[in-house]
Amino acid sequence: MIKSHLPLKLRLKGLSYMNDDPKEIHVLYGSVQEDDAPKGVLQDMIDAIAQFFFKKGLMANEFGRDNVKIHVTLLNSKYRGKTIENGRPTKQKRESFDGTEILEKFNDYDFGVMEINNIHLSVMNSLAPDGFYQSTCVITL
């Protein structure tokens, strides 16, 4: 699906958040878009991977969406003040943050372009000792 568009370059540009109120943000993320590839190539590829796992019963469609939300998480209140024990964060009350000033200042910020060499398939909410999501498979492009 993606071979004809290699090398795949992605641009991280702009900020958004995953709720309705910028004064009570839990997840602040950067928007991802293709660079030098037709719009939608990345979304189609990621949705195909998700559908494959969904049809095989290896993952749930927990949000009821047809499309995976492509993003790069920059701030996540879920991990605020938590420690990692046995590869999982400890449970604590989640606290939102006011992101209005960040959004005003960096809403259209261009973080730049990066060439993607591999895709990591990870288990959500399962962190490796280094604090990143636990990768279960790496697809080399």
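Is Asp110 buried, partly exposed or exposed, and what is its relative accessible area? Asp110 is partly exposed, with a relative accessible area of 32%. Here buried means under 20% relative accessible area, exposed means over 50%, and partly exposed falls in between, with a 1.4 Å probe and protein chains only. The model is predicted: local features need pLDDT of at least 70, side-chain atom pairs count only at pLDDT 80 or more, and totals for chains, interfaces and linings use all residues. Residues are numbered from 1 along each chain as its sequence is written, and side-chain values use heavy atoms, leaving out hydrogens and water.

Start with the charged pairs. Side chains of opposite charge can pair when their charged atoms come close. A salt bridge is a side-chain nitrogen of Lys or Arg within 4 Å of a carboxyl oxygen of Asp or Glu. The whole structure holds two salt bridges. In one, the side chains of Asp110 and Arg11 meet at 2.6 Å, N to O. This pair links distant parts of the chain: Asp110 is in strand 6 (residues 110–116) and Arg11 in strand 1, 99 residues apart. Arg11 also forms a salt bridge with Asp35, with the closest N and O atoms 3.2 Å apart. Arg11 lies in strand 1 (residues 8–17) and Asp35 in strand 2 (residues 27–35), so this pair ties together parts that are 24 residues apart in sequence. Helices (H or I, at least four residues) and strands (E, at least two) are DSSP runs, numbered from the N terminus.

Stay on strand 6 for Val113. Val113 counts as partly exposed, at 39% relative accessibility. Contact means heavy atoms within 4.5 Å. Leaving aside neighbours within four places in sequence, Val113 is in contact with Lys9, Leu10, Arg11 and Asp35.

Now the interior. A nonpolar core is a set of buried Ala, Val, Leu, Ile, Met, Phe, Trp, Tyr and Cys residues joined through side-chain atoms within 4.5 Å. The largest has nine residues: Ile2, Leu8, Leu10, Val41, Leu42, Met45, Ile116, Ile119 and Leu121. Strand 1, helix 1 (41–55) and strand 7 (118–127) each supply at least two residues of this core. Helix 1 gives the most, with three residues. Leu121 touches Ile49, Phe53, Gln134, Ser135, Thr136, Cys137 and Ile139, not counting residues up to four places away in sequence. Apart from this core lies another, of five residues, among them Leu15, Ile25, Leu28 and Phe97.

Follow helix 1 itself. Helix 1 has 15 residues and reaches 21 Å from its first C-alpha to its last, close to the 21 Å expected at 1.5 Å a residue. That expected span is 1.5 Å times one less than the number of residues. Val41, Leu42, Met45, Asp47 and Ala50 are buried in helix 1. The buried residues of helix 1 pack against strand 1, strand 2 and strand 7. Gly57 follows helix 1, and its phi is positive, near 75°.

Two further sites remain. Asn76 sits in strand 3 (residues 71–76). Its side chain makes a polar contact with the side chain of Arg94 at 2.9 Å. A polar contact is a pair of N or O atoms within 3.5 Å; within protein, one must be able to donate a hydrogen and the other to accept it, and residues adjacent in sequence count only if both atoms are side-chain atoms. The side chain of Asn76 also reaches the backbone nitrogen of Lys78 at 2.9 Å. Glu104, in helix 2 (residues 100–106), counts as exposed at 68% relative accessibility.
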